[in-house]
Every structure is written in structure tokens, then in C-alpha cells.
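Morning, everyone. Please have a look at the structure on the screen, and then I'll walk you through a few features.

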Amino acid sequence: MRKGLVLTFLLQLFWLASGKAQDLDSLADTTETSVSDYLFLSSGYRNRVSFMARDFGQKIPLYTADVMYWHKSGIYLNATLAKFFVTDLSWQKGIGGGFSRQLTAKTDLDLSYNQFFGASNLNQTGKDNIGILQTSLGLDWGLLYSTTQLMYLVNQPGDFFLISRHSRYFEVDRRIGGKGVLSFEPRLTFYLGTSNYYRIGGYDLTWRQYLDTQRFVTQGLDLAIPVTLSLDNLEFQLEPRWVIPTQVPEYDFSAQSFQLALKATYAFPLKRKK
């Protein structure tokens with residue numbers, strides 16, 4: 001088995017789940033204000049996956065399908081299916097839940113926990129599930145919208161990550177077909193954290209390399225320009241992204257890469273005020 005394959009398989013799914021509430025909650029703003037609860041269905045494809053700006057020398061496409069129940073209180077539940085386009089990888093399953101809330105006119109908060117299953121044939125440690133706990137705080141300070149995300153990878157030993165995102169939203173004045181809203185949001189992301197995750201990837205580490213995985217360091221950055229078309233409750237998104245890993249150890253073959261993602265999301269209103 002290729003080293004790093006299990007890392008791409010497991011950790012990329014956690015990365016998708018960590019920002020799920022914030023991504024889908026933005027679609028709720030385009031729906032009717034009288035709707036209180038939503039059922040979100042989404043499907044996406046990425047031509048190449050990475051985690052913490054690292055692809056571990058792999059060039060693997062990914063397909064995902066997600067369902068989320070979002071309550072007006074901010075509580076949400078989600079389930080994920082994912083398929084890597086590699087012959088020796090099966091479907092990955094995930095479940096999770098969290099809480100997302102607008103705190104003030106300028107700030108918002110998201111808390112969630114997700115657990116993924118189905119990789120026992122790949123994980124070198126023999127563990128077939130790993131979880132991730134995350135919290136993020138968003139601040140709209142005028143010039144940019146910034147989020148600071150803290151994540152803990154539940155493993156033995158675990159990993160702590162800090163992800164700092166900064167974006168600016170732009171919207172085209174002219175409506176497409178009379179009602180379609182076209183927008184784009186350039187985003188710069190910085191990744192910092194420990195790297196104990198190499199231990200579940202089948203890497204043979206020396207004592208010095210093992211100590212290096214305990215260090216909290218900058219792991220990379222990326223620049224993305226998501227382009228979104230919103231049509232009532234339906235949303236399509238195209239996201240080109242340039243990924244740059246930093247401080248890559250000698251046994252990891254991660255390199256700079258260009259990635260492209262497609263995603264479609266539909267919001268079903270479930271309840272209306274009387």
C-alpha cells in the first residue's frame with residue numbers, strides 16, 4: 001500500500017465536514033425568511049484532495065454526497081458518503097452534528113464533532129474510525145471576513161490544528177435569467193498544527209522525525225476563488241484552488257498543486273411559521 005494513502009482517505013473527509021455548517025448556512029440566507037428548518041442535500045467532486053495543504057504525493061479525485069438537517073436554533077445533524085477514485089478504496093461513511101449561530105451582526109460561531117468509519121483495511125494502526133472536534137469564530141470586520149478555526153484530531157496521539165481564513169465577498173449586480181445571483185469570494189487560508197497524523201499513514205519515522213511531529217508549525221497555505229451561482233434554493237459552485245505546502249518532511253512527497261472542485265446544493269424548506 002502506498003504511504004500516505006490512508007491519510008488522504010481519512011483526513012480529507014474530516015476537512016470537508018469541519019466547514020459544512022458554515023458553507024450550507026450561507027445558502028439559507030438566500031431562501032425565504034419565513035422558513036425555519038432546512039434539509040440540505042449536496043453533491044461534490046474534487047479532482048485532487050489534500051489535507052492541511054498536503055496531498056502526501058497522491059493525485060486522487062474524490063466524490064462526496066451529503067445530507068444535513070439544519071434547525072432554526074442553529075443545531076444541525078449531518079451524514080456523508082465519499083468515494084475516492086482508486087481501485088483499492090471503498091466508500092467512506094461519516095456522521096456528525098454541531099451548532100452554528102450568528103452571535104452579533106459581525107460575528108458568528110460554529111461547533112461540531114464528526115466521526116468517520118470504513119477504513120480498517122487501510123489504517124496501519126488497525127483503527128477503523130477517527131473523529132474530529134472543531135470550533136470556529138467568524139468576524140466580518142469590513143475589509144475582509146475572517147475565521148479562526150481550532151480543530152482536534154481524535155487519535156493516539158491526537159493533533160491540534162489552527163486554520164485562519166480571510167475572504168472578501170463580491171456579487172454581480174445583474175441577475176442571470178432574472179433571478180440567478182452570481183458571486184465570487186477570493187479566500188486565503190493558512191494552516192498550522194502538529195503532525196502526529198503521519199503515524200497512521202504507514203511512515204517509518206526515526207526518533208528525530210517523531211519529535212518533529214510534535215511541533216506546532218506552519219503546514220501550508222492555499223488561495224481559492226469560489227464562484228457561486230444561486231437560484232432560489234439551489235446553488236452551484238466552482239472552486240479553483242492553488243495549494244502550497246510548507247515545512248514538508250523529507251519522507252512526504254507533497255508538492256504545490258492546482259485543484260478544482262464542483263459542488264451543487266439544494267435546500268428543502270421543512271417548516272413555516274403559522
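First, some ground rules. This is a predicted model, where local features need pLDDT of at least 70, side-chain atom pairs count only at pLDDT 80 or more, and totals for chains, interfaces and linings use all residues. Residues are numbered from 1 along each chain as its sequence is written, and side-chain values use heavy atoms, with hydrogens and water left out.

Now the overall picture. The protein has three helices and 15 strands. These are DSSP runs, numbered from the N terminus: helices are H or I, at least four residues, and strands are E, at least two. Of its 274 residues, 47% count as buried. Buried means under 20% relative accessible area, with a 1.4 Å probe and protein chains only; exposed is over 50%, and partly exposed is in between.

Next, the lining of the second largest pocket. A pocket is an open set of points on a 1 Å grid over the protein atoms alone, where a 1.4 Å probe fits, with protein on both sides within 12 Å along at least five of seven lines; lining residues have an atom within 4 Å of a point. Here 14 residues line it, and Ser195, Asp212, Arg215, Gln247 and Pro249 lie nearest the centre. Two elements give two or more residues each: α3 (207–212) and β12 (217–224). Helix α3 gives the largest share, three residues.

Gln209 lies in α3. Is Gln209 buried or exposed? Gln209 counts as buried, because its relative accessibility is 9%. Thank you.
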